[in-house]
Amino acid sequence: MVDYQKMYATLAGRVDDVLHYMEGGYSDPGRMRMAAFFLQKALQEAEETYLNDTEDEVSGEDE
């Protein structure tokens, strides 16, 4: 079963971390590229978690 609450909390925490990181220097292009990378990674991890959880449901491993 997909734990949406856990996925949301994890993703929201990651986004919050990146926002705090960005506050360290909005005018630094390198810092903004890293912030974008961190956000992309967080989204990818959330997607992988979702896909893995739904695969478990389909395959019956969650029973």
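The buried residues of H2 pack against H1. Buried means under 20% relative accessible area, exposed means over 50%, and partly exposed lies in between (1.4 Å probe, protein chains only). Contact means heavy atoms within 4.5 Å. Helices are DSSP runs (H or I, at least four residues), numbered from the N terminus.

This is a predicted model, where local features need pLDDT of at least 70, side-chain atom pairs count only at pLDDT 80 or more, and totals for chains, interfaces and linings use all residues. Residues are numbered from 1 along each chain as its sequence is written, and side-chain values use heavy atoms, with hydrogens and water left out.

**Stop 1: helix H2**

Select residues 29-59, which form H2. H2 has 31 residues. From its first C-alpha to its last, H2 reaches 45 Å, close to the 45 Å expected at 1.5 Å a residue. The expected span of a helix is 1.5 Å times one less than its number of residues. Now pick out the buried residues of H2: Ala 35, Ala 42, Ala 46, Asp 53 and Thr 54.

**Stop 2: helix H1**

Select residues 4-22 for H1. H1 has 19 residues and reaches 27 Å from first C-alpha to last. That is close to the 27 Å expected at 1.5 Å a residue.

Which residues of H1 are buried? Colour Met 7, Val 18 and Met 22. They cover an arc of only 45 degrees around the axis, which puts them on the same side of H1. The arc is that of the directions from the helix axis to the C-beta atoms. The buried residues of H1 pack against H2.

Turn to the face of H1 that points away from its buried side. There you find the exposed residues Gln 5, Lys 6 and Asp 17.

**Stop 3: the two helices together**

Show both helices. Two packed helices are described by the angle between their axes and the distance between the axes. The axes of H1 and H2 come within 10 Å and cross at roughly 175 degrees. Axes are lines fitted to C-alpha atoms, for helices over the stretch in contact, and angles run from 0 to 180 degrees between N-to-C directions. H1 and H2 are therefore roughly antiparallel to each other (an angle over 145 degrees).

Next, select the contact residues. On H1 they include Tyr 4, Leu 11, Val 15 and Tyr 21. On H2, look for Phe 38, Leu 39, Leu 43 and Tyr 50, among others. The residues of this contact divide into 16 nonpolar, one polar and three charged. Ala, Val, Leu, Ile, Met, Phe, Trp, Tyr, Cys and Pro count as nonpolar; Asp, Glu, Lys and Arg count as charged; the others, Gly among them, count as polar.

**Stop 4: single residues**

Click Lys 6 in helix H1. Lys 6 is exposed, with a relative accessible area of 57%. Its C-alpha is separated by 9.9 Å from that of Ala 46, 40 residues apart along the chain.

Move to Ala 12, also in H1. Ala 12 counts as partly exposed, at 31% relative accessibility. The C-alpha atoms of Ala 12 and Lys 41 are separated by 13 Å.

Then find Asp 16 in H1. Asp 16 is partly exposed, with a relative accessible area of 39%. From Asp 16 to Met 32, the C-alpha separation is 15 Å.

Where does Ser 27 sit? Look in the loop between H1 and H2. Ser 27 counts as exposed at 73% relative accessibility. The C-alpha atoms of Ser 27 and Glu 45, 18 residues apart along the chain, are separated by 28 Å.

Note on methods:
Helix = DSSP H or I, 4+ residues; strand = E, 2+ residues; numbered from the N terminus. Parallel < 35°, antiparallel > 145°, perpendicular 65-115°, else oblique.
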